[in-house]
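Please consult the sequence and the model shown below while reading this briefing. The points are grouped by topic and may be checked one by one.

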Amino acid sequence: MLTTLALLAAPRLVRLAPVDLFIVSFYFAFVLAIGFYLKTKAKTGEDFFLAGREMTAWVAGLAFVSANLGSLELMGWAGSAYQYGILATHWYWVGAIPAMVFLGLVMMPFYYISKTHSVPGYLQLRYGPEASALSAVTFAVMTILMSGVNMYAMAVVMKVVLGWNINFSIWVSSLTVGVYVAAGGLFSAIFNEVLQFFLIWFGALLIPILGMVETGGWKGMVARIHENFPGQDFTHLWGPTAHFSANPMGIHWTGVVFGLGCAVSMGYWTTDFLVVQRVLSAKDIRSAKMAPIIGSFFKMAVPLIVILPGLLGLAVLPMHLFPASNLQAGQHSYNEVLPLMLARYCGPGLLGLGITALVAGFMAGMAGNVSAFATVWTYDIYRPFIRKTAPDAHYVSMGRWCTMIGLFISIGTAYVVMGFASIMDYVQALFGMFIAPLFGTVLLGMLWKRVSRAAGFWGLLAGVSSSATMFALMKFDPERWVHVFALSPLAKGLAQDMYQALWSCLTCVVVTVLVTLVTKPRPDQELHGLVYSLTPVAHEEHASIWHKPLTWGIVAMAVWAVLQIIFW
Amino acid sequence: MTENHHIIPVWFFVGVMLLLYGILIFVSGLVEWPHPPATVLSNLHAPVWWGALLTVLGGFYCYHFRPGRSRP
């Protein structure tokens, strides 16, 4: 799909001036220098894999939200905003905020108190090696494949936007990431994510500011959208979800609330180790609880630099954009809306900053993938199953080596995808299949001490299997199965994903409960620090109201609720 | 974040980056002032005030989080 896009698109969207090239080049040199500086600090396993567990709530919170703020994410959701309108905001609000607050207030204490180094590590403590191995192996494989897919997709974007050679983009960016992550481990990854956070905001914020000036504010923008696309509602969040046919996504509000809000979002933000690892690096339990809540405020603001540029594209771009799969020569795809808006408003200097933000987002995403892979491989696969007892220095060395090995596998994946572009869709879909059921397994394990070891494994397996089955049926015989699983034949890909996640999570929960009822529970003494009823959780009773995570969790939810009403 | 390893705060690195980029963008905005590029709203000279904003913010971060400065 992206190869076609590269071939069909105009020669290049933007041309960089010397000052822009300097800005981009400086970024590469800067992150490498920081990586070599941090190498002297990452000496033990806890340093390399968990950044010494000494990050403040702010650093952990920004890294937590940045790990999900890659450049493909930015361009993809800006494109979705152009295609579906403000409905895409659901993935930033109902699809993130409640889950982030839930992670901070309810789940983080268990991850932190159990002193686990990863989500599969928690499953090992709670359920034993079977569920942990299933989760660790699938996470490791899928993470590294996803990294390769993203690497290739970004190289194609660089070709389309800047005219850069695909091989050059893949090798230069991935080797830079490999060197600085192998040097400083999670320290490097987190530092880069914080830098990327600032770059993305300052690189992209001018687009909505200048766009609002050009259109004369929100009302002016809405008027122009109605003028350009008469009869379509692109600017209401919940109203058009009353019926499947009333919105371009073909989704009903039940899919948004239960599929996205309760299954996909909870699964991703609370059990995907790539993001949870950032919070595990916090210096104490209060910081670990605050980090996702701090992140939630920034996450709520991200639509300003992602969704609003997509909507502004509907209002001000002189041409219409089209799906990448159906592109004619000279046309642009939805995913190009952000670079197009960047080129519309930004001249030399600002353009370099915007492009650096995109490159930084890509590199930070790759760093997140390889650092999470290194941790899960070393601590959840290599140590328990291959070499149980070895000095700490050996595991750090293993982490460094498998960072580079993981990176080379990613590069190999990128070249495989280059030859068979359709693989990309399957890899992305496959990754999503594990997330929603895993939430059911982890949550039941935390809240119900009766859940047995066998129940954890079989519930997770059933959830993943049901997800894969639904995906295959809807993919290969959509006319027969889409209306069965997604409740309407009008459901598009994103809507199908929501219902698939919901049913697979429910399958996991039902099977886990049923197996629990016929198997023997673990003794209470083995579950201290792992289960709600057997774990004393500190509640900051002596802290002032403004220092309590609960206070800020409530504030975050209140702001979120007000935003829903404003854009209803 | 820095207590155990004595690592330079990440905010200092953020400051260096913003300061350098701010100066570059500000200067390039001044250079192109008489002949702005063919972008929409180029008459607002966004690089000048955006570059100035980055410079001020970067300078503040560099100063406030400079290595060796004692913090409570």
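The briefing begins with the overall picture and then turns to individual elements and residues.

This is a predicted model. Chain A contains 23 helices and zero strands, and chain B contains two helices and zero strands. The contact between the chains draws 28 residues from chain B and 28 residues from chain A.

**Chain A as a whole**

- The C-alpha trace of chain A extends over about 65 × 55 × 55 Å along its principal axes.
- Chain A has a radius of gyration of 23 Å, which agrees with the value near 24 Å that a compact globule of 568 residues would have.
- Of the 568 residues in chain A, 58% are buried.
- Among contacts in chain A with a separation of 6 or more, 85% are between residues 24 or more positions apart.

**The nonpolar core**

- The largest nonpolar core comprises 213 residues, and those with the most contacts inside it are I190(A), V194(A) and L311(A).
- Helix α8 of chain A, residues 129-162, gives the most to this core, contributing 21 residues.

**R278(A)**

- R278(A) lies in helix α13 of chain A, which covers residues 273-280.
- R278(A) counts as buried because it has 32 C-beta neighbours inside 10 Å, the threshold for this class being 20 or more.
- Not counting residues up to four places away in sequence, the contacts of R278(A) are A60(A), A63(A), F64(A), A67(A) and I190(A).
- R278(A) and L134(A) stand 144 residues apart along the chain, and their C-alpha atoms are separated by 22 Å.

**The α10–α15 helix pair of chain A**

- Helix α10 (residues 206-215) and helix α15 (residues 303-316) of chain A have axes that come within 9 Å and cross at roughly 35 degrees.
- The crossing of α10(A) and α15(A) is left-handed.
- From α10(A), the contact is made by I207(A), P208(A), G211(A), E214(A) and T215(A).
- From α15(A), the contact is made by L304(A), I305(A), L308(A), P309(A), L312(A), A315(A) and V316(A).
- By type, the residues of the contact of α10(A) with α15(A) comprise nine nonpolar, two polar and one charged.

**Loop residues of chain A**

- L487(A) has a positive phi of about 70 degrees, although L487(A) is not a glycine.
- L487(A) is placed in the loop between α21 (478-485) and α22 (493-517) of chain A.
- With 18 C-beta neighbours inside 10 Å, L487(A) counts as partly exposed.
- P521(A) belongs to the loop between α22 and α23 (549-566) of chain A.
- P521(A) is partly exposed, since 15 other C-beta atoms lie within 10 Å.
- P521(A) and K449(A) are 72 residues apart in sequence, yet their C-alpha atoms are 7.7 Å apart in space.
- Apart from neighbours within four places in sequence, P521(A) is in contact with K449(A), R450(A) and S452(A).

- Chain B has 72 residues, of which 35% count as buried.
- Contacts in chain B between residues at least 6 apart in sequence join residues at least 24 apart in 69% of cases.
- On the side of chain B that touches chain A, the elements giving two or more residues are α1 (10-31) and α2 (46-64) of chain B.
- α1(B) gives the most to this side, with 11 residues.
- The residues on this side of chain B divide by type into 19 nonpolar, seven polar and two charged.
- L41(B) is found in the loop between α1 and α2 of chain B.
- L41(B), a residue other than glycine, has a positive phi near 65 degrees.
- L41(B) counts as partly exposed, with 16 C-beta neighbours inside 10 Å.

Conventions. Residues numbered from 1 in each chain as written. Chains lettered and ligands numbered in written order. Predicted model: local features only at pLDDT ≥ 70, side-chain atom pairs only at ≥ 80, totals over all residues. Contact = placed C-beta atoms within 7 Å. Helix = DSSP H or I, 4+ residues; strand = E, 2+ residues; numbered from the N terminus. Nonpolar A, V, L, I, M, F, W, Y, C, P; charged D, E, K, R; others polar. Buried ≥ 20, exposed ≤ 12 C-beta atoms within 10 Å, placed from the backbone. Rg over C-alpha atoms; globule rule 2.2 N^0.38 Å. Core = buried A, V, L, I, M, F, W, Y, C linked by C-beta atoms within 7 Å. Axes fitted to C-alpha atoms, helices over the stretch in contact; angles between N-to-C directions. Left-handed = near helix turned anticlockwise from the far one by under 90°.
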